[in-house]
Structure formats: C-alpha cells, structure tokens
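Hi,

Here is the model I said I would pass on. Have a look at it first, and my notes follow below.

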Amino acid sequence: MKHKSLYVHGYDTKENIRLQDQASTLVELLHSDTSYPANSRVLEAGCGVGAQTVTLAKNSPHARITSVDISEASVAEAKGKVEAAGFANVSFQQADIFHLPFKPGSFDHVFVCFVLEHLSKPVEALLLLKELISPGGTITVIEGDHGSANFHPDSEAAHRAIQCQVELQRRAGGNANIGRELYPLLCSAGYSPVRVSPRMVYADSSRPELVDGFTKKTFTAMIEGVRQSAILAGLTDASLFDQGVRDLYRTAEGDGVFCYTFFKAVGEKK
Ligand SMILES: C[S@@+](CC[C@H](N)C(=O)[O-])C[C@H]1O[C@@H](n2cnc3c(N)ncnc32)[C@H](O)[C@@H]1O
C-alpha cells in the first residue's frame with residue numbers, strides 16, 4: 001500500500017489493539033460532550049479500525065454516520081467491529097481525505113480523531129473537509145501532543161525515547177505535537193468560532209485502570225513500538241532507548257505519576 005510508509009504507527013495487530021485500548025480508556029474524557037442530533041449527517045474521517053466509531057455510533061444512535069479511512073483493511077475491521085457491537089447507523093467506505101467522493105455540503109458534522117497528526121498538509125485537509133460541511137455545521141478534531149507528557153520519576157532517557165517517536169513522525173510528514181496547534185490550524189482553515197479544550201489524562205496508582213490502559217498500554221506501548229525504526233534511523237541506541245522505555249513503565253509503579261494532554265477543538269462552518 002502506497003500510504004503505508006507514511007503512517008508511522010503501522011497497521012499491525014498490536015497497533016490495532018493499542019488503538020482499541022486507547023479508545024476504551026479515553027471514552028469519557030474525549031467523547032462525553034459529543035453527540036449528534038437525530039438524522040444529522042456525520043462524517044468520521046480517518047476511522048482506522050473503528051476504535052472511536054463504536055462510541056460515536058453509541059452516543060449518537062439516530063445520527064447517520066459515514067466513516068472513511070484510506071486503509072481498506074482498517075475500514076473492513078471497523079465495519080466488523082461496529083456490526084458486532086450491534087449498531088446499524090454507520091456506513092463505511094475506503095477513501096482518502098484529500099480525495100473524498102462526496103459533494104459539497106454533504107454532511108452536518110465532521111469528526112476527526114488522531115488523524116491530522118499524520119498529515120503533512122493538515123490545513124489543506126481541514127479546508128477540504130470544510131467544503132463538505134453544510135453552513136452552520138461543525139468539525140470536531142481531537143489530537144494528542146507528545147510535548148505534554150510529564151511524569152514522575154522524571155527521566156532524561158524517557159524524554160529521549162519519546163523524542164524518537166516525535167522525530168520519526170516528523171520525518172514521515174506528521175506532527176506528534178500537533179495538539180497545541182489546533183486553534184491556529186482550524187482558524188487558518190476558516191472555521192469560526194473555534195473552541196479548544198485541553199483534556200489531561202492524569203494517572204497515579206489510585207487510578208489503576210488509567211495506569212494500565214493509558215500509561216502502559218497506550219502511551220508506553222506506542223513509544224515501545226518505534227524501537228526498531230528509531231534504532232535503524234540512528235536516532236538512538238538500543239540501551240538508551242530500552243532505558244527510556246523502562247523508565248516510562250517505572251512511572252506506572254506505586255509512587256509513579258503520568259500526565260498527558262489531549263486537545264479537542266470544535267470549529268463552526270459559517
Ligand atoms: C492513529 S489512526 C486513528 C484512527 C481512529 N480515528 C482512532 O482514533 O482510533 C490514524 C488513521 O488515519 C488514517 N489516515 C491517514 N491518512 C489518511 C488519509 N489521507 N485519508 C484517510 N485516512 C487517513 C490511517 O489509515 C489511520 O487509520
């Protein structure tokens with residue numbers, strides 16, 4: 001697949017499980033204020049394996065959702081997941097955000113989660129998506145920001161391991177620190193007004209589900225996943241990287257703390 005090398009996390013089973021862990025841990029934090037009215041037409045752009053789609057379908061049971069992704073295999077998996085969960089309000093299509101097969105004004109709302117961070121031209125994508133939204137409609141964009149990761153015990157090696165992921169994503173044309181830029185990006189694409197709310201995940205041992213679901217299985221698993229690419233790219237050596245990953249897991253122990261901020265933006269199309 002031509003696009004595969006551009007998507008830094010890849011499409012293997014481990015990554016799909018990680019995306020699912022991420023989505024289940026973060027459902028309340030990221031989705032609690034998103035539900036679309038009955039009969040509204042919603043486009044989910046970059047649905048991946050459907051990790052967010054199931055929640056969208058559940059929280060907006062009478063909206064008509066169309067979910068697309070550039071990866072045909074991911075779309076098939078998302079479809080299976082939504083059907084298995086018993087929702088019939090989503091249709092699926094393989095499509096590229098930069099060449100979407102829909103007429104202007106085809107949707108009332110667009111939802112994009114963890115996708116802009118992988119695109120080299122995020123404003124262009126936002127402009128194209130804006131064309132598809134009917135006047136008065138909205139776009140909701142959710143992105144992370146790896147620069148927001150803070151933890152105790154602090155560790156230079158852990159920050160360097162995270163930086164490997166940031167650099168690999170940059171080389172693939174993306175931006176792992178894009179969360180902080182959502183306001184200017186949406187404004188540049190002409191959405192108005194734009195409202196951004198930062199959503200911090202805070203995990204300590206009094207919140208074992210977040211320590212397990214987020215610190216270990218989402219964030220550290222993601223950093224661990226770039227080990228080989230980071231070493232091959234000459235960004236680190238094995239022992240420094242492994243120390244960084246051990247230090248990230250160390251933050252999941254009894255006295256450890258891990259914080260990460262996601263950014264959720266809602267912009268209106270005039
Ligand atoms: C990190 S995944 C996020 C998937 C899902 N939104 C979620 O939150 O679990 C990013 C997704 O964006 C998709 N993607 C990347 N570039 C795309 C493009 N140009 N058009 C459509 N999808 C794209 C990838 O195939 C991948 O499934």
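Where is P193 placed? P193 sits in the loop between α6 (182-188) and β7 (194-204); helices here are DSSP runs of H or I with at least four residues, strands are runs of E with at least two, and both are numbered from the N terminus. The bond joining S192 and P193 is a cis peptide bond, with omega about -5°.

Before the rest, some housekeeping. This is a predicted model, so to speak of local features we need pLDDT of at least 70, and side-chain atom pairs count only at pLDDT 80 or more, while totals for chains, interfaces and linings use all residues. Residues are numbered from 1 along each chain as its sequence is written, and side-chain values use heavy atoms, with hydrogens and water left out.

Back to the backbone. There is another cis peptide bond from H152 to P153, with omega near -5°, and P153 is in the loop between β6 (150-152) and α5 (156-171). N39, which is not a glycine, has a positive phi of about 70°; N39 lies in the loop between α1 and β1 (41-45). For context, most residues other than glycine have a negative phi, and most peptide bonds are trans.

Now the ligand. There are 19 residues around the ligand, and Y11, G46, D69, D96 and C113 come nearest (a residue is near if one of its heavy atoms lies within 4 Å). By class, that shell has 13 nonpolar, 4 polar and 2 charged residues (Ala, Val, Leu, Ile, Met, Phe, Trp, Tyr, Cys and Pro count as nonpolar, Asp, Glu, Lys and Arg as charged, and the others, Gly among them, as polar). As for polar contacts (pairs of N or O atoms within 3.5 Å), a polar side-chain atom of D69 is 2.6 Å from an oxygen atom of the ligand. A backbone N or O atom of G46 lies 2.8 Å from a ligand nitrogen atom, and a polar side-chain atom of D96 lies 2.9 Å from a nitrogen atom of the ligand. Taken alone, the ligand exposes 600 Å², and the protein buries 95% of that (Shrake-Rupley, 1.4 Å probe).

Last, the aromatics. The whole structure has 9 aromatic pairs (ring centres within 6.5 Å; planes under 30 degrees apart are stacked, over 60 edge-to-face, the rest tilted). One of them is F214 with F262, edge-to-face at 5.8 Å centre to centre and 75° between the planes. F214 lies in helix α7 and F262 in strand β8 (residues 257-268), so this pair ties together parts that are 48 residues apart in sequence.

Cheers

Definitions and conventions: Polar contact = N/O pair within 3.5 Å; in protein donor to acceptor, adjacent residues only side chain to side chain. Phe/Tyr/Trp six-rings, centres within 6.5 Å; stacked < 30°, edge-to-face > 60°.
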